[in-house]
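Please open the model in the viewer and keep the selection panel at hand. The tour begins with a single residue and widens step by step.

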There are 2 protein chains.
Amino acid sequence: MVNADAYELGTNRSCIRELFEYGLMRARVVGKDQVYDFSLGNPCIPAPEEVRQTIETLLRETDSLTLHGYTSAVGDYETRQAIADDLNRRFDAHAQAEDLFITCGAAPGLCAVLGGLSVPGGKVLALAPYFPEYKPFTLGAGLEFDDVKADVPAFQIPFDALKEALTPNVVALIVNSPNNPAGTVYTRQTLSRLSALLTEKAAEFGHPIYIISDEPYRELVYGDAKVSFIPKLYKDTIVCYSYSKSLSLPGERIGYVYVPSAASDSKAVYGAVAGAARKMGHVCAPSLWQKVIARCTALRPDLLSYDRNRRALYEGLTEMGYTVAKPEGAFYLFVKAPNGDSIAFSRLAKSHDLLIVPGEGFGCAGWVRLCYCVSYDTIMGSLPIFKKLMDTL
Amino acid sequence: MVNADAYELGTNRSCIRELFEYGLMRARVVGKDQVYDFSLGNPCIPAPEEVRQTIETLLRETDSLTLHGYTSAVGDYETRQAIADDLNRRFDAHAQAEDLFITCGAAPGLCAVLGGLSVPGGKVLALAPYFPEYKPFTLGAGLEFDDVKADVPAFQIPFDALKEALTPNVVALIVNSPNNPAGTVYTRQTLSRLSALLTEKAAEFGHPIYIISDEPYRELVYGDAKVSFIPKLYKDTIVCYSYSKSLSLPGERIGYVYVPSAASDSKAVYGAVAGAARKMGHVCAPSLWQKVIARCTALRPDLLSYDRNRRALYEGLTEMGYTVAKPEGAFYLFVKAPNGDSIAFSRLAKSHDLLIVPGEGFGCAGWVRLCYCVSYDTIMGSLPIFKKLMDTL
């Protein structure tokens, strides 16, 4: 007498979560410093000090009913205007407060966008490797889901495969750059080519094909890499953003959906996103956090420690002969299993208390994901084990 | 190319929200003190001072990664244990941390419960008058929805009508006491009779019929009225709670679902609720607020001002000859339209800048809802207008 899909989803713990719990258990047995846990993408740099100061100021200066009261379902006007200003300053986006819908993080934002675009028989594509939750989110919204196999080892876009997958019932393509799990960033050239292909196909099919751009890692980019703002390259782009990583506030659930006014049927899409959110019990995003964001849109994360980890791990592993996707963004490293079998490789690593996630769940067998949002000591301590594994295989 | 239901839901502003916006507009024209706005159920007593102090303590004593990091999807263990302790202390509930799932308020909690109970062809009943969102929440979860006409003017439960509505495909009945919009509280006798009827029907149908008890107003009760804890009277009760009203934190989105371990298939129901939430993008409830709740479960609202408003309005209106449902809980007064036509009565009131909501949207024509979470001056200023309206009709 319960919903079968929901039951399975609620009781089948993800492989990542299981590894993480295993790591906690092992830490109690062998000591925390003897476990090299690269399983979970939980930020390890604190929120900027300005966030704490802003909360204290708000508590002092704002009356309780304003600070903690219901906001409009779409979000406080001031917050939406501050985000629009930030997008305009950085990307010349021409965003307006009316284009923004404040959400409890990127995940419910994605669900609301998918729900809003859910037409009978519609299909959504994701480019492998991809965040596993895209699939239940899409199916939950009543849409079909299909993935496009990965462009290995560049992890850009495999255009021939994508072209084939673009059937007339495709309503949207989910794009995630910087990418979880690959840590790669799509070049401007890749995105321009994507724009041209989708424009051509949309004309052929006689309806828009939206890009749903999932951008929780937008600000996490290193070295010379640049993250293009996709709505500037392809007008039918809907952005889902989260402050989880950029302000290290993953538990606080604050983000937004941006439907550019230049997008096809933008007013209808915005309305449908709002309605889909309402059907799922969205009332408003947490009020205090909306007010914090309104004052903190200009803050950027201090990426020094992530960058140091990234370099140490990337250089260490490539020197040993591992094949690694070029890590330019987010906090993930995607590594080819030396023997080609990512599950066996992860299992072997686990027996050395080195916890890495096989790529199968991300739609990309043969590769493993490492989250380098860990301590530098964990990175350095893990290298001899990686060396031993390489020598074994 | 958008979802039609979602579009309609997202763009058709509710009658309540429209009245509220009209009130703001009129306030700019005639002055705020000349508008008597009883439209919106937004708490007007501030959050207890302890809430502010708790946030300040947490900001001082808890490191950023713990305070703002992801929690488990079901919620922090400490928060769940604190809520279980509170329920056990007050209601002898035998609750455990494992029975609780922390949500972004009662609305997404309801959606997750409905999603978890969504079996093919299943139906959910609500007792009129009811919170209008129950219908889109239920339909959005893929279940049928039906309402049982109101028990006028006692606003208890119309057992004959309910008995007839209890067809074999009914999986749950939504109960909301203290009630929005009627402000009434079900007596222990009513609930015992309900328990007996549902027990009988569940045995007849060969499957459980759950009560989904929506309890955002549980702590808002006046005079001699008592709110019974329904799981003690009927074991197959799933509780959806919110701190929006009890701690005056409506914008912060924090509440819980409680699936008592004594309920039929409780583990399966809990798992399905978690999975349904996951499908809608639930990651965790806001982390800071989870930690506040863990330390504030014993706080109760200071109801003096609500109670003063309630008495003044109830006594004033009954003296004039209005028929009013006995107001024992929440912050609503349900009043019979003197001419029987609630839409015409509301419209006439509106022409005097008195904003009240017709009962049609709550499934109860002929009555109007007044939210008395307003200033005492608004109450006193409105009485002469109510008098004039009564004299006119």
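Select Val239(B) first: in this predicted model, its bridge partner in S8(B) is Tyr258(B).

Now extend the selection to the two strands concerned. Strand S7 of chain B covers residues 237-242, and strand S8 of chain B covers residues 255-258. The two pair in the antiparallel sense, over 4 bridges. In general, strands of a sheet pair through backbone hydrogen bonds, in either a parallel or an antiparallel manner.

Next, display the whole sheet to which these strands belong. In chain B, 7 strands make up an open sheet, and their order is S2-S8-S7-S6-S5-S3-S4. The pairing within this sheet is mixed. Which strands stand at the edges? Select 100-103 and 144-148 of chain B: these are strands S2 and S4, and each has a single partner strand, so one side of each lacks a neighbour in the sheet. On average, neighbouring strands of this sheet are turned by 20 degrees against each other, with direction ignored.

Then bring both chains into view. Chain A is superposed on chain B by a rotation of 180 degrees, with 0.0 Å of shift along the axis and an RMSD of 0.0 Å. The two copies are therefore related as by a two-fold rotation axis.

Select the interface residues of chain A. Of these, 100% are interface residues in chain B as well, so the copies meet through the same surface.

Finally, colour chain A by confidence. The average pLDDT of chain A is 96, and 100% of the residues score at least 70. For the complex, the predictor gives an ipTM of 0.95 and a pTM of 0.96.

Key:
Residues numbered from 1 in each chain as written. Chains lettered and ligands numbered in written order. Predicted model: local features only at pLDDT ≥ 70, side-chain atom pairs only at ≥ 80, totals over all residues. Pairing = 2+ DSSP bridges. Axes fitted to C-alpha atoms, helices over the stretch in contact; angles between N-to-C directions. Least-squares fit on C-alpha atoms with pLDDT ≥ 70 in both. Contact = placed C-beta atoms within 7 Å. pLDDT = per-residue confidence, 0-100.
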